[in-house]
Amino acid sequence: MTDRATPDSVSFAKSAREGVEGADFVQESVPERLRIKHSTYVEIEPVLSSHAIVSSSTSGLTLEALQKGWKDPANLILGYPFNPPHLIPLVELTANSRTSPAVPEIAEAFYRDIGKVTVRIRK
């Protein structure tokens with residue numbers, strides 16, 4: 001956990017598109033249905049900055065399958081927080097050859113900053 005988190009810092013958006021505008025890091029945790037994830041990506045990709053990372057929480061879908069929902073999947077990574085995430089600090093990270101080489105390190109730094117420990121999955 002981080003001492004910077006307060007209930008006052010929570011905000012709500014009317015759409016996923018609105019919610020990610022201006023974000024540097026997006027923890028995507030929509031239901032594990034490829035159709036839902038791909039439709040979310042179609043909605044948010046046009047408004048993401050070129051450096052914004054999207055970390056998808058999934059335990060049953062592959063990164064390759066998720067990448068098919070992107071025009072440019074370089075900033076997409078799998079970031080699966082162990083459950084319950086407020087009690088278990090672990091996050092699984094998975095990247096592949098279509099992931100920008102800097103993304104895993106940036107994602108690890110983000111998670112470390114909020115009190116998480118990452119485990120890299122390489123297969």
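I call a residue buried when its relative accessible area is under 20%, exposed when it is over 50%, and partly exposed in between (1.4 Å probe, protein chains only). This is a predicted model, so I kept to the rules that local features need pLDDT of at least 70 and side-chain atom pairs count only at pLDDT 80 or more, while totals for chains, interfaces and linings use all residues. Residues are numbered from 1 along each chain as its sequence is written, and side-chain values use heavy atoms, with hydrogens and water left out.

**Entry: the aromatic rings**

I took rings of Phe, Tyr and Trp (its six-membered ring) as a pair if their centres lie within 6.5 Å; planes under 30 degrees apart count as stacked, over 60 as edge-to-face and the rest as tilted. With that rule I got four aromatic pairs. One of them is F25 with F110: the ring centres are 3.8 Å apart and the planes sit at 15°, so I logged this pair as stacked. F25 is in strand β1 and F110 in helix α4 (residues 103–113), so the pair links parts of the chain 85 residues apart. My helices (H or I, at least four residues) and strands (E, at least two) are DSSP runs, numbered from the N terminus.

I checked burial next. F25 is buried at 16% relative accessible area, and F110 is partly exposed at 30%. F25 also pairs with Y111: centres 5.4 Å apart, planes at 85°, so that one is edge-to-face. Y111 is buried, at 3%. I noted F25, F110 and Y111 as one aromatic cluster.

**Entry: helix α2**

Which residues of α2 (residues 34–44) are buried? I found K37, H38, T40, Y41 and I44. Looking down the α2 axis, they fall within an arc of 160° (taken from the directions from the helix axis to the C-beta atoms), so they line one face of the helix. On the face turned away from that buried side I found the exposed residues R35 and V42. With contact meaning heavy atoms within 4.5 Å, the buried residues of α2 pack against α1 (16–20), β1 (25–28), β2 (53–56), α3 (63–67) and β3 (76–81).

**Entry: a peptide bond**

I found the N83 to P84 peptide bond to be cis, with omega near -10°. P84 lies in the loop between β3 and β4 (90–94).
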